[in-house]
Structure formats: structure tokens, C-alpha cells
Amino acid sequence: MTFKTPPPTPQHAKVTFPTPHVLQVTLSRPKDLNCINTAGHNELHALWEWMDEEPSIRVGVLTGEGRAFCAGADLKEWNNQVNSAEGSKRQQPSSGFGGLSRRSGKKPIICAVNGICLGGGCEMIVNADMVIACEKAFFGFPEVQRGVVAIAGALPRVVRTIGRQRAMEMVLTGRRVTAVEAEKWGFVNEVLPTPEEVVTRALEIAGQIAANSPDAVIVSREGVKLGWEGVGAEEGSRWLIDGWQKRLNEGENIKEGLRAFVEKRQPKWVDNSYALH
């Protein structure tokens with residue numbers, strides 16, 4: 001695959017391109033249950049920023065190596081920062097935990113939850129576009145059990161997905177929620193038996209998204225986000241029309257999609273149609 005700019009090369013994650021137009025990021029600190037440290041946050045932020053600006057990439061998939069998706073923050077590092085005179089102030093990029101928990105971005109990210117998903121790991125999936133989980137995965141916000149708070153963006157967002165009472169139950173008790181229960185709550189899209197099937201399914205969905213017009217995917221995602229962020233339906237529709245419709249109509253892909261329909265063939269999307277930049 002040819003890139004406009006080379007992808008970042010993180011130390012704490014593996015970067016692969018398993019199918020056309022799809023970036024897979026695998027958290028790779030299995031001995032630490034893929035807890036993310038300060039360097040890891042910055043690496044992931046850089047990867048998602050690169051994805052948004054790289055024309056040939058249309059979808060991202062995030063998963064973990066070993067038995068955990070992500071068990072949250074690196075508490076050893078955090079302890080050193082809080083309780084050591086030499087410790088530096090704990091910082092995250094503006095996009096939040098793993099560059100994802102507060103990310104706005106342009107392109108969708110699917111989380112393939114292969115196992116333990118706690119704390120910051122849970123904060124990431126709350127703000128992901130889709131979540132596929134294996135049966136043995138479990139979710140939780142155990143921060144209150146350590147005297148800290150899930151402050152990376154999940155608290156105001158999780159209530160919009162699972163409702164006030166369930167959100168309160170999760171964040172005030174710190175209890176673990178099973179994958180099956182999470183699916184019933186609408187916390188995850190789909191549950192599958194094994195981690196391998198989870199990644200395969202996430203890549204399958206990513207492929208379905210990547211087969212669509214990249215312009216239309218970006219604008220459609222933006223429309224859903226407007227509602228997610230609390231904008232009224234009519235106000236959100238006006239913003240979408242005023243802010244995006246002209247750029248969409250000026251792009252090559254809307255012309256190609258309509259032309260392909262009339263000609264009864266599959267469309268050939270242009271990666272760099274970006275009247276949407």
C-alpha cells in the first residue's frame with residue numbers, strides 16, 4: 001500500500017494493514033495487560049491523526065495482544081507521578097486516553113475487544129464508533145476503587161449509551177459487566193466466542209465501511225456525532241447541510257457513485273476526493 005506520508009512507528013503497539021484501506025492497531029504490552037502509559041497515549045494520538053490525514057486509509061481497528069484489550073492506565077507510572085518528588089505531571093493528548101476517549105476525528109474506529117477492558121480501556125470504547133467483543137471480555141470503571149476518577153471523557157458520554165441508572169451502577173460501584181450483559185445494554189454491537197473471531201468480524205465490518213464512498217462515510221459519521229453530542233435533530237440537520245453538503249457535492253465520489261448506479265457497475269472511489277478537508 002502506498003501512503004502519502006509514512007505511518008508512525010509506535011513502541012507500544014503494532015501497526016498493520018490487513019485489508020485494503022484499513023489500519024489495524026494492536027496494543028502490545030501483554031505482560032502489563034496492555035495498560036497505556038504516557039508515551040503510549042501520544043503514540044496512539046499520532047496514529048489516529050495520521051489515519052485521518054492519510055487518503056488511502058478509511059477505517060481503523062483497535063485491539064489488544066494477549067488476554068486483555070486494555071486494563072486502563074499504567075498505575076505504576078501514575079503512582080510514581082503522584083507520589084514521587086521527581087514525578088512529572090500526568091498528561092494526555094487532547095484526544096484523551098489512547099488518543100480515542102475524547103477524539104472527534106474524521107474517520108471511524110472499531111474496537112475489537114479481545115479480553116479485559118477496564119478503566120481507560122472502557123473509556124476508549126465508549127467513544128469508539130463500533131465495538132465487537134468476545135464472550136470472555138468484561139468491562140468496568142474500577143477507578144473509584146483506587147481513589148481516582150474516569151476523567152478521560154467517558155462519564156458524560158456513557159450515560160448517552162446505556163442510560164443514567166446503568167451508568168451510575170458502573171461508575172459508582174466499579175463492578176465488572178460481562179460481554180453478554182454489555183450487548184443487552186447497547187454498550188457493544190456484537191459478541192462472538194473467541195478473540196480471533198472478534199478481530200475477524202471487526203475487519204469484516206471495516207471492509208464493508210471501506211467499500212463505501214469515503215466522502216459519504218465521513219459526512220454520515222459527522223451527522224451521527226452531532227446527535228451524540230447533544231445537538232437537537234433540526235439544528236444538527238442544518239449544521240450538516242450548511243457545513244458539509246456543498247463540499248460533498250463538489251467531491252468526485254458523489255459523481256462516481258451516481259454514475260456507477262446508472263451504469264449498473266461497482267463504483268471506483270477516489271481516495272483523495274477531499275473537498276472534505
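Predicted model: local features only at pLDDT ≥ 70, side-chain atom pairs only at ≥ 80, totals over all residues.
How many salt bridges are counted between domain 1 and domain 2? The count is one salt bridge.

## Two domains

On one side, 14 residues of domain 1 make contact, and they meet eight residues of domain 2. About 930 Å² of area is buried between domain 1 and domain 2. Carbon and sulfur atoms give 53% of that area.

## Salt bridges

The structure holds 14 salt bridges. One of them joins Asp129 to Arg221. Their closest N and O atoms are 2.9 Å apart.

Glu65 and Lys14 form another pair through their side chains, at 3.3 Å from N to O. Glu65 has a relative accessible area of 26%, so Glu65 is partly exposed. Lys14 also counts as partly exposed, because its relative accessibility is 43%.

Glu169 pairs with Arg175 in a salt bridge. Here the closest N and O atoms are 2.6 Å apart. Glu169 counts as partly exposed at 32% relative accessibility. Arg175 is partly exposed too, with a relative accessible area of 27%.

Helix 8 (residues 214–228) holds both Glu222 and Lys225. They sit three residues apart, about one turn of the helix. Their side chains meet in a salt bridge of 3.2 Å, N to O. Are these two residues buried or exposed? Glu222 has 18% relative accessibility, so Glu222 counts as buried. Lys225 has 10%, so Lys225 counts as buried as well. The cut-off behind both calls is under 20% relative accessible area.

Glu256, Arg259, Glu263 and Arg265 are linked in a network of salt bridges.

## A nonpolar patch

Which residues form a nonpolar patch on the surface? They are Val149, Ile151 and Leu155. Together they have about 290 Å² of accessible area.

Ile151 lies in the loop between strand 8 (138–140) and helix 4 (154–162). Why does Ile151 count as exposed? Its relative accessibility is 70%, and exposed means over 50%.

## Val159 in helix 4

Val159 is found in helix 4. Val159 is partly exposed, because its relative accessible area is 33%. Not counting residues up to four places away in sequence, Val159 touches Arg164 and Ala167.

How far is Val159 from Gly230, C-alpha to C-alpha, and what is the distance along the chain? The C-alpha atoms are separated by 12 Å. Along the chain, Val159 and Gly230 are 71 residues apart.

Definitions and conventions. Residues numbered from 1 in each chain as written. Heavy atoms only, no water. Patch = residues over 30% accessible without salt bridge, like charges linked within 9 Å, V, L, I, M, F, W, Y side chains within 5 Å. Areas by Shrake-Rupley, 256 points an atom, 1.4 Å probe, with all protein chains shown as cover. Salt bridge = Lys/Arg side-chain N within 4 Å of Asp/Glu carboxyl O. Helix = DSSP H or I, 4+ residues; strand = E, 2+ residues; numbered from the N terminus. Buried < 20%, exposed > 50% of the residue type's maximum accessible area, 1.4 Å probe, protein only. Contact = heavy atoms within 4.5 Å. Buried area = accessible area lost by both parts, 1.4 Å probe.
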